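This report looks at how two parts of one protein chain meet. The structure comes first, then the interface.

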Amino acid sequence: MLYFIYSGMFFEKSLYGDLLKLGKFRVLEHEQNTMIIEAEKDFVKELKKKPSMFIHSIFRIGNITDIDEGRYVDSLHTAVESLKLKKGKRIRIECYDVNSKRGLSAKQIEMELSAKLKKEGFSPELVKPDLLLYLVLINMKCYSGVADYRKLHVKFLNPLRHYGKEGGRLVSRSEAKLLEAFEAFRIKGKGIALDLGAAPGGWSAVLVKKGYKVVAIDNADLEYEKIEEQRMSVKVLTNLRKKKTDINEQLRNVDIVHIRENASAAFSRMELKGVSLVANDMNIEPEQSAQLLMNYIGFLKRDARLIMTVKCISRKVSKHIANAERILEDRFEVKGIKELPSNRQEVTLFAKSA
Ligand SMILES: C[S@@+](CC[C@H](N)C(=O)[O-])C[C@H]1O[C@@H](n2cnc3c(N)ncnc32)[C@H](O)[C@@H]1O
């Protein structure tokens, strides 16, 4: 069986390790952070049993079609025909052009093919399809397949394209990273979020949109204007005195309270109750980041969630993760760790306070 695999750039070695845990495989194509592999076992099923940290998406490939340069879209249409679709099902086409770069964007290809299918009596459908028909273009070959949309673990080929937009607006990589974490770990909730390492404010803004009031801690400025343009209110607190400031009180009339202090100083000068989510994106060594975070444990509710970026400052990925976990384990139960599409040299850890 053939599979399309999408992973992060920095973690090739770790990805191979994850794939080997699923079974034996052979690599047919390896371009950028995508791969076509051949495996004996059903890797989609195996992945459900043994979740992987480094595989972002995996899709079963049904057919391989050569792409004819002169008849570019027509040859992709031949690839679609080779899947022998039944009429009557609502179909969404998704194309990922890894490296053929013919001047047509993946979106244009999807639109042209959808129009052709419509003429032939099929029902293209973007929002609630029955089937996802996917085309991966690598080295002038089209790897195609089709899957039941409802059963797919990930509903898109190229996560960066998917998360890059929210409500039509492009979000920054770090905003996308948080959105991906909410989806990957199925996080729901509201209340008060503590955002450690918050500047320039991408995560804080996402958290407000998700319904949280946010306590943002960073000694750098947030992009206040940009945040206010999105109709969110921010209050900045600097030079907190020894007499502890009641942050719940400060939060009453605003969406975000920004404490412009280092995380190693802020906790001792504030009073705060009822934090239901800690978001920690501090760009420091994982062990130090986890240690700083532990100073805030007294502010958390029972069962509070933690989303933390673990920076892999060297290729000793497992060591960095283990160092952070060791410190957190005292008060948190780690529920999952994943290298998300918008992570760069880092993984995202999700935990619940015990
Ligand atoms: C990657 S950026 C965070 C981006 C942010 N999540 C966003 O979406 O805009 C990392 C931030 O961590 C902050 N940081 C690093 N060490 C810190 C510390 N000890 N205390 C507070 N903030 C820290 C840096 O100032 C920097 O703004």
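The domain bounds used here come from an automatic or database domain assignment. The model is predicted. Domain 1 covers 2–158, and domain 2 covers 166–353. Their C-alpha centres lie 34 Å apart. The contact draws twelve residues from domain 1 and 14 residues from domain 2.

**Buried area**

The size of an interface is often given as the accessible area lost when the parts come together. Between domain 1 and domain 2, about 1000 Å² is buried. Carbon and sulfur atoms give 63% of that area. On the domain 1 side, F10, F11 and M53 lose the most area to domain 2. Together these three residues account for 61% of what that side buries.

**Polar and charged links**

How many salt bridges does the rule find across the interface of domain 1 and domain 2? There is one. The side chains of R315 and E12 meet in a salt bridge, with 3.9 Å from N to O. Six residue pairs are in polar contact across the interface of domain 1 and domain 2, with both residues at pLDDT 80 or more.

**The domain 1 side**

Two elements of domain 1 each supply at least two residues of the side that touches domain 2. They are tabulated here.

| Element | Residue range |
|---|---|
| α1 | 12–22 |
| β4 | 55–61 |

By class, the side of domain 1 that touches domain 2 has six nonpolar residues, five polar residues and one charged residue.

Note on methods
Residues numbered from 1 in each chain as written. Predicted model: local features only at pLDDT ≥ 70, side-chain atom pairs only at ≥ 80, totals over all residues. Heavy atoms only, no water. Contact = heavy atoms within 4.5 Å. Buried area = accessible area lost by both parts, 1.4 Å probe. Salt bridge = Lys/Arg side-chain N within 4 Å of Asp/Glu carboxyl O. Polar contact = N/O pair within 3.5 Å; in protein donor to acceptor, adjacent residues only side chain to side chain. Helix = DSSP H or I, 4+ residues; strand = E, 2+ residues; numbered from the N terminus. Nonpolar A, V, L, I, M, F, W, Y, C, P; charged D, E, K, R; others polar.
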